[in-house]
Amino acid sequence: MTKQVKQIAANGVHVGLDVASLDKSLANHLIFTVGKDAVTATDRDWFYATAFMTRDRLIERWMDTMRSYYNRDAKRVYYLSMEFLMGRTLMNSLHNLGFDRECQQALAGLGIDLHKVREVEPDAALGNGGLGRLAACFLDSMATLSLPGYGYGIRYEYGMFSQHIEDGRQVEHPDNWLRYGNPWEFSRPEVLYQVKFGGRVVQFSDEKGALRHHWVDTEDVMAMAYDSPIPGYATNTVNNMRLWAAKASRDFELKYFNEGNYIKAVEDKNESENLSKVLYPDDSTAMGRELRLRQQYFFVSASLQDILYRFCKSHEGFDELPDKVAIQLNDTHPAIAIPELMRILVDIHHLGWDQAWDITTRTFSYTNHTLMSEALETWPVSQFEKLLPRHLQIIYEINYHFMKDVMHRFPGDSELLRRMSIIDENGGRKIRMAHLAIVGSHKVNGVARIHTELMKQTIFADFNRYCPDKIINMTNGITPRRWLNQANPLLSALITSRIGNGWIKDLSQLKRLIPLTEDAQFRSEFAAVKRANKERFAALLKQKLNIEIDVDSLFDVQIKRIHEYKRQLLNLLHVVTLYNRICNNRADDNVPRTVIFSGKAAPGYAMAKLIIRLINDVADIVNNDMRVRGLLKVVFLPNYGVSLAEDIIPAADLSEQISTAGTEASGTGNMKLALNGALTIGTLDGANIEIGNEVGEENIFIFGLTTDQIVRLRASGYQPMDYYRANDELREVLDMISSGYFSQEEPDRFKPIVDNLLTHGDHYLLLADYASYIACQKEVKTAYSNPQEWVRKSILNVANMGEFSSDRTIRQYAEQIWHAKPVPV
């Protein structure tokens with residue numbers, strides 16, 4: 001029986017959206033919340049006053065939303081993710097609530113510039129890259145579509161490191177994003193759950209003779225909740241993101257304190273609370289790997305306890321759980337939730353194994369984000385035995401039942417059993433978390449059509465044969481609210497002036513721009529917007545890095561995590577090729593180009609960090625060589641994140657999406673750049689294929705080997721030295737890098753990069769794709785030389801991006817996986 005929740009009015013609090021109400025709210029918060037007078041207030045003080053004023057207007061809708069879900073006993077969707085790369089919240093909230101202009105006017109009336117105020121806010125450093133940003137887009141879309149959606153993750157005190165470039169090298173500094181507090185969150189000290197580690201398992205028979213298990217002698221940590229409201233666009237729905245912070249189970253061990261050993265007394269407290277200190281601790285050490293596993297179980301355990309507490313307030317027993325709860329696992333990091341739910345149902349609530357397993361599998365679904373077997377998460381059995389002994393027993397039991405069923409379906413195939421087992425017996429026993437996630441979920445999805453097909457054909461082919469309908473496709477998407485309406489206000493205003501603002505909530509309406517490609521006035525206005533965005537970005541670059549760039553040049557952009565498979569190095573080989581052509585007067589035209597890189601390398605990833613240094617060393621030579629005559633410039637922007645992306649993307653002309661075919665699951669940077677009018681140069685990988693299908697093959701630049709061609713090339717014995725010997729330009733470029741042309745004070749600095757290509761197999765096939773890439777870049781140059789045709793292509797890219805809204809993706813999840821319905825507030 002669902003309990004009706006009564007409404008309590010917040011009497012006396014005026015939360016109007018008109019300028020006068022905002023003006024009054026701002027003044028009140030500056031004085032009574034921030035504790036400052038307007039005369040002494042800094043931009044930071046005004047930011048906090050503006051944030052609290054905005055938060056007031058979120059809270060009533062937030063309360064109404066939560067009340068509606070309870071009163072209607074709605075099915076809720078819980079999105080479990082180790083990352084939520086939210087970016088800044090202020091402008092997103094103002095836009096989604098629809099009073100950004102009024103706020104700007106109210107601040108202006110007080111002599112305050114909203115632009116300066118918003119720049120004070122740090123990016124919420126709760127994620128690393130695409131995985132976390134996808135989660136953030138999904139939360140926005142769930143709220144916009146009025147779906148009862150919750151995000152669960154960790155409140156990292158220090159997020160992804162702050163990247164500095166010193167002498168061309170990446171240097172990591174702590175990202176203390178909570179230094180000045182977070183005005184958007186609400187601490188919930190009453191929402192506190194015990195999370196256990198270690199200990200041992202006691203088996204016994206109860207009074208009915210049933211075998212029972214108690215997990216005892218554990219070390220305990222407390223998980224405390226912090227809530228942040230997530231507003232939808234042009235709707236009253238405001239959903240919740242709940243993040244967990246680790247707290248000691250007691251302040252300190254009183255015995256040590258009484259003995260006068262205060263340091264020892266607080267040592268355990270500090271160690272417990274380290275759990276939520278850092279996003280992705282370095283897993284190159286045993287201690288780092290253990291902390292990472294502890295983080296995963298910590299947030300999963302707290303989240304499941306919270307989910308079940310909420311469910312049990314309105315329901316008797318657990319039979320209805322899959323009808324009222326859908327839990328989406330964003331990659332394998334939360335996959336330990338499957339044995340954890342089994343532990344709760346079997347050990348604590350004494351459900352039978354079969355009943356508990358049926359409930360569990362109908363509740364969970366899993367999103368896979370990688371095709372690379374080396375990137376699929378595994379954990380040593382010994383580590384589970386030490387930290388999560390009961391979960392290891394449950395995983396063994398899950399695997400026993402699963403293997404038994406596979407054996408019955410495919411008798412006599414021991415090799416199949418070995419491949420499909422959750423336990424990998426090769427080279428030390430390990431738990432395959434992806435296999436656990438697949439076995440314990442009712443649906444598994446890829447994130448682009450080619451990715452899903454390759455999942456079925458390669459890494460999970462056995463599972464697809466075993467259960468043909470389980471693996472389905474959900475092509476990723478991005479929220480147009482942040483990535484066009486907010487990030488590119490000039491283009492947003494131009495589009496709205498021609499087709500209205502319905503596209504912000506229904507991106508397919510952008511197709512109404514297609515006829516405007518033949519409208520000379522619209523093309524002129526579109527080109528003017530792009531130029532204005534390029535001028536703004538150039539001014540920002542001058543201000544922050546003291547680098548001047550030519551706004552008439554082609555802005556060639558590659559912004560993403562630095563990784564060998566993403567092939568920033570291939571882009572750089574093209575840069576050096578252009579440099580040589582210019583210096584030797586072999587360039588056949590004079591189209592200037594500014595090549596812009598940005599992205600972080602994992603702290604322990606030596607090759608990626610060396611590539612960053614090579615980019616910066618090449619930039620130093622190219623940008624200071626008088627022979628280049630302004631035809632080429634190379635820029636590396638440090639500390640890539642959501643806010644920096646919002647500055648770069650509206651200014652981009654060309655989007656580099658050049659991963660080796662078959663390695664990028666989807667990509668969402670490709671979608672953001674195309675939505676803002678950048679043309680894509682890319683391989684037939686990830687969502688590039690679907691983007692090409694939507695925008696038309698004449699409006700995208702495709703090069704390189706296909707996945708089938710790569711399989712054949714590797715099978716025949718790929719020899720990168722053959723490409724090196726056969727291509728004079730390639731050989732010249734690689735010899736320059738390896739001989740110290742770009743590092744004369746240390747000639748062998750970049751030799752490992754070239755050795756990796758020539759003598760260590762060139763795993764990501766840069767040399768095989770080099771000639772095709774260079775030829776394709778020439779097509780880009782020719783197209784850019786015809787401004788009218790380039791603008792036409794650019795408009796068609798924007799107009800055909802409706803398919804890549806995260807709203808479309810979330811609707812598909814809701815219909816095909818979660819079976820959840822909107823609950824309008």
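**Entry 1: helix α26**

I opened with helix α26 (residues 688–695), where Asn688, Glu690, Ile691, Gly692 and Val695 are buried. For my notes, buried means under 20% relative accessible area, exposed means over 50%, and partly exposed lies in between, with a 1.4 Å probe and protein chains only. Helices (H or I, at least four residues) and strands (E, at least two) are DSSP runs, numbered from the N terminus. I then looked up what covers the buried residues of α26, and the cover includes α17 (449–457), β20, α25, β21 (679–682) and α32 (787–799). Cover here rests on contact, meaning heavy atoms within 4.5 Å. Just after α26, I found Gly696 with a positive phi of about 100°.

A word on the ground rules: this is a predicted model, in which local features need pLDDT of at least 70 and side-chain atom pairs count only at pLDDT 80 or more, while totals for chains, interfaces and linings use all residues. Residues are numbered from 1 along each chain as its sequence is written, and side-chain values use heavy atoms, with hydrogens and water left out.

**Entry 2: the whole chain**

Along the principal axes, the C-alpha atoms fill a box of roughly 90 × 75 × 60 Å. I also noted that 60% of the 825 residues are buried. Among contacts between residues at least 6 apart in sequence, 77% join residues at least 24 apart. The chain exposes about 32700 Å², and carbon and sulfur atoms supply 50% of that; accessible areas come from the Shrake-Rupley method with a 1.4 Å probe, and for residues only the protein chains shown count as cover.

**Entry 3: nonpolar cores**

Which residues touch the most other members of the largest nonpolar core? I found Trp244, Phe298, Phe384 and Trp818, in a core of 151 residues. The largest share of this core, 12 residues, comes from α2. A nonpolar core is a set of buried Ala, Val, Leu, Ile, Met, Phe, Trp, Tyr and Cys residues joined through side-chain atoms within 4.5 Å. In soluble globular proteins, nonpolar side chains tend to be buried together. I followed Phe298 and, leaving aside neighbours within four places in sequence, listed its contacts, among them Ile154, Val195, Phe197, Trp244 and Leu275. A second, separate core of 70 residues includes Ala661, Ile753, Leu758 and Leu766.

**Entry 4: strand β15 and its partners**

Next I checked both faces of strand β15 (residues 443–446). Lys443 and Asn445 on one side are buried, and so are Val444 and Gly446 on the other. Strand β11 (residues 364–367) runs parallel to β15, joined by 3 bridges, and Thr367 has Asn445 as its bridge partner. β15 also pairs in the parallel sense with strand β16 (residues 471–473), again over 3 bridges; here Val444 stands opposite Ile471. Two strands pair if DSSP finds at least two bridges between them.

I then traced an open sheet of 3 strands, in the order β12-β14-β13 with antiparallel pairing. β12 (378–380) and β13 (423–424) stand at the edges with a single partner strand each, so one side of each has no neighbour in the sheet. I counted 2 bridges between β13 and strand β14 (residues 430–432), and Ile423 is paired with Ile431.

Is Glu664 buried or exposed? I found Glu664 buried, with a relative accessible area of 12%. Glu664 sits in the loop between β20 (654–657) and α25 (669–675). Its side chain makes a polar contact of 3.2 Å with that of Tyr565. A polar contact is a pair of N or O atoms within 3.5 Å; within protein, one must be able to donate a hydrogen and the other to accept it, and residues adjacent in sequence count only if both atoms are side-chain atoms.

Most residues other than glycine have a negative phi. Asp73 lies in the loop between α2 (43–71) and β1 (76–80) and is buried at 15% relative accessibility. Asp167, in the loop between β3 (162–166) and β4 (169–173), is exposed at 54%.
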